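Here is a short briefing to read alongside the model. Keep the viewer open and follow the topics one by one.

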Number of protein chains: 2
Amino acid sequence: MLEDKKQERTTLEKLGEFGLIEHLTQNFTLQQASSLMGIGDDAAVLDFTDNKTAVTTDLLIEGVHFDLSYMPLKHLGYKAVVVNLSDVYAMNATPTQITVSMAVSNRFPLEALEELYAGIALAAKAYNVDLIGGDTTSSKTGLLISITALGEAKEEALTYRNGAKPNDLLVVSGDLGGAYMGLQVLEREKEVFKVNPANQPDLEPYSYIVERQLKPEARKDIKELLGQLEVLPTSMIDISDGLSSEILHLCRKSSVGCNLFEDKIPLDPTVISSCEEFNIDSTMVALSGGEDYELLFTIDQKDFSKIKGNPNLTVIGHMTDANEGAHLVTRANSKIELTAQGWNSFTSEQP
Amino acid sequence: MLEDKKQERTTLEKLGEFGLIEHLTQNFTLQQASSLMGIGDDAAVLDFTDNKTAVTTDLLIEGVHFDLSYMPLKHLGYKAVVVNLSDVYAMNATPTQITVSMAVSNRFPLEALEELYAGIALAAKAYNVDLIGGDTTSSKTGLLISITALGEAKEEALTYRNGAKPNDLLVVSGDLGGAYMGLQVLEREKEVFKVNPANQPDLEPYSYIVERQLKPEARKDIKELLGQLEVLPTSMIDISDGLSSEILHLCRKSSVGCNLFEDKIPLDPTVISSCEEFNIDSTMVALSGGEDYELLFTIDQKDFSKIKGNPNLTVIGHMTDANEGAHLVTRANSKIELTAQGWNSFTSEQP
């Protein structure tokens with residue numbers, strides 16, 4: 001899309017740093033009661049009254065975390081916000097504000113950044129968070145986005161990683177592996193495009209998994225759902241690096257073990273069919289794929305009846321004593337130790 | 001310093017992302033009453049009780065904001081924290097927490113990042129702020145640091161940019177232009193080093209201005225001082241981009257004009273002598289140099305007697321009606337319109 005020669009282009013030099021921030025953020029208005037002052041002073045000012053404040057931050061780098069050859073900038077802006085909000089939801093908190101910092105090389109015209117901010121604005125609206133600050137600067141190469149998200153919660157509602165107990169049930173929202181398989185499809189089409197630029201890919205059969213990769217959503221509905229069901233998770237984490245890695249985080253922080261049942265892992269039919277097509281094991285994809293942004297949490301066994309049969313939630317295992325370790329119980333009923341195959345930006349190529 | 005071949009080197013791949021964060025942050029402990037949960041969960045959790053929360057963020061990029069050929073990594077870590085805290089102090093708030101995100105290319109061994117974090121730890125201790133989160137990832141080129149700082153204040157203590165009134169006095173802490181002249185000295189020595197690497201520069205005569213550039217401090221004393229003097233500024237901003245640019249921010253946000261008196265601008269003798277040596281106008285340096293991290297604020301005229309003669313504070317002008325504009329009144333008593341010559345990363349080379 002950056003290659004569209006018909007677009008009007010405005011260079012960033014013309015606007016300068018303050019002009020650029022003002023231009024990009026002019027349509028953002030404050031909606032949250034806790035936002036007293038947003039962009040335009042040395043710092044934003046917030047008022048969380050008697051709520052606790054959750055703070056999380058993520059850095060996304062071109063060529064490491066995203067590839068603009070198939071990631072439209074509007075989607076990128078949306079996704080960059082969503083991945084941060086997902087961390088706030090994983091605390092069982094409600095996101096309220098974000099700051100967005102950006103470094104951009106001169107190859108990006110203003111219109112490209114407007115697209116990026118259009119995606120940020122869409123996410124801010126969809127999740128009802130205020131853009132309250134940020135920093136915009138030039139970079140030597142490529143695009144970089146650093147977002148900090150703030151949220152609020154009553155102290156008693158907060159869910160940490162360290163509260164799981166042996167015999168607690170392990171529950172996941174939605175389904176897993178879609179974002180990773182969507183990436184496989186996009187990477188394949190990119191290779192096809194390199195060989196034959198005239199080829200028009202038919203992504204229709206893959207629309208679910210491609211959307212999981214390009215426009216993931218954070219599970220803002222789960223906090224509300226659990227509230228309605230009167231279930232307070234004993235621990236919670238979001239799935240950004242793959243189920244296996246997240247389970248190991250819960251186990252380590254809570255000093256427990258875990259049995260995860262392979263046949264319980266929720267998979268969308270598109271994930272199963274694309275795994276067959278790509279000849280990849282679907283369980284491996286769910287365990288190590290990452291970027292699904294579903295919520296993984298533990299509940300007391302007494303709460304099982306409250307969540308049973310809920311289409312948004314799947315019980316996939318249970319916690320054990322720490323000395324039993326963390327294992328996948330396969331369909332063939334053998335036990336395989338879970339290892340963190342989560343993505344590591346220092347050893348991996350583009351995910 | 002990265003060229004010291006005797007140093008042990010540990011590659012980042014060995015540690016991975018989680019291992020790296022844990023290793024670098026293991027010696028940071030939470031000190032602030034408002035820090036309920038720091039690093040190690042999906043988000044940090046804070047409790048600001050009945051105080052308001054200030055949030056600010058800055059992005060520092062190698063080759064744009066800093067040059068590692070003369071900026072030691074420990075100093076860089078320190079400065080990266082300080083520039084953010086300065087924004088919190090400019091709200092008349094007390095910094096309480098920081099998040100630090102970092103992207104690093106493989107050319108940095110672990111020991112380099114340890115140096116960087118040693119500087120961050122020094123600043124966190126000096127300013128009593130907790131490191132509560134962050135993200136660490138690889139970059140394609142160079143080093144990038146994104147810091148978000150949080151602070152707290154009673155609502156009635158907060159100072160915004162928009163409260164200045166005509167006839168208010170314009171006051172600045174400390175002295176100006178040092179950081180810019182320090183940079184000139186360092187740039188000159190870098191050129192000399194390129195020609196003759198055996199040359200040992202004598203930086204002793206320039207130690208004040210070099211330190212202003214390499215290890216600036218935020219004015220944490222001013223909030224306390226003003227409290228003791230019982231002066232509440234009507235507006236406040238920190239000087240990161242040069243006096244001229246900051247005055248124009250106050251004027252625009254407060255809808256006032258300003259007369260700045262050239263002969264009142266506080267300059268250290270080292271700044272004056274180095275300006276002579278480099279044949280640069282010292283007023284231009286103070287107006288446009290930037291990176292001094294002093295505080296610029298306005299006070300009601302009735303408070304003049306309270307600050308008069310204080311060695312930390314200098315009255316440099318007064319605010320006027322907006323239609324009078326913002327001017328420098330020169331020593332020759334002519335009026336020159338102030339223009340924003342603050343640094344713009346999109347048009348400037350390395351500052």
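Ala54(A) has Val45(B) as its bridge partner in E2(B). This pair belongs to an antiparallel pairing in which 3 bridges join strand E3 (residues 52-61) of chain A to strand E2 (residues 44-46) of chain B; two strands pair if DSSP finds at least two bridges between them. Helices (H or I, at least four residues) and strands (E, at least two) are DSSP runs, numbered from the N terminus.

Please bear in mind that this is a predicted model, in which local features need pLDDT of at least 70 and side-chain atom pairs count only at pLDDT 80 or more, while totals for chains, interfaces and linings use all residues. Residues are numbered from 1 along each chain as its sequence is written, and chains are lettered from A and ligands numbered from 1 in the order in which they are written.

**Where the chains meet**

- On chain B, 55 residues are in contact with 55 residues of chain A, contact meaning that the C-beta atoms of two residues, placed from the backbone, lie within 7 Å.
- Strand E3 (residues 52-61) of chain B gives the largest share of the side that touches chain A, with 9 residues.
- That side of chain B divides into 24 nonpolar, 19 polar and 12 charged residues; Ala, Val, Leu, Ile, Met, Phe, Trp, Tyr, Cys and Pro count as nonpolar, Asp, Glu, Lys and Arg as charged, and the others, Gly among them, as polar.
- Leaving aside neighbours within four places in sequence, Ala54(B) is in contact with residues of both chains, including Ala43(A), Ala44(A), Val45(A), Val88(B) and Met91(B).

**Core and chain A overall**

- The largest nonpolar core has 210 residues, and Val81(A), Ala54(B) and Val81(B) have the most contacts inside it. Such a core is a set of buried Ala, Val, Leu, Ile, Met, Phe, Trp, Tyr and Cys residues joined through C-beta atoms within 7 Å.
- Of the 351 residues in chain A, 54% are buried. A residue is buried if 20 or more other C-beta atoms lie within 10 Å of its own, exposed if 12 or fewer, and partly exposed in between, with C-beta atoms placed from the backbone.
- Chain A has 10 helices and 14 strands, and its C-alpha trace spans about 65 × 55 × 35 Å along its principal axes.

**Helix H6 of chain A**

- In H6(A) (residues 220-229), Ile222(A), Lys223(A) and Leu226(A) are buried.
- These buried residues fall within an arc of 100° seen down the helix axis, so they line one face of H6(A); the arc is that of the directions from the helix axis to the C-beta atoms.
- Glu224(A), Gly227(A) and Gln228(A) are exposed on the other side of H6(A).
- Helix H2 (73-89) and strands E4 (94-104), E8 (169-173) and E11 (295-299) of chain A are among what covers the buried residues of H6(A).

**Strand E12 of chain A**

- E8(A) and strand E12 (residues 313-321) of chain A run antiparallel and are joined by 5 bridges, with His318(A) as the bridge partner of Leu169(A).
- Strand E10 (residues 256-261) of chain A also runs antiparallel to E12(A), through 5 bridges, and Cys258(A) has Met319(A) as its bridge partner.

**Positive phi values**

- Asn92(A) is not a glycine, yet has a positive phi of about 60°. Asn92(A) lies in the loop between H2 and E4 of chain A and is buried, with 25 other C-beta atoms within 10 Å.
- Thr49(B), in the loop between E2 and E3 of chain B, has a positive phi near 40°. Thr49(B) is exposed, with 11 other C-beta atoms within 10 Å.
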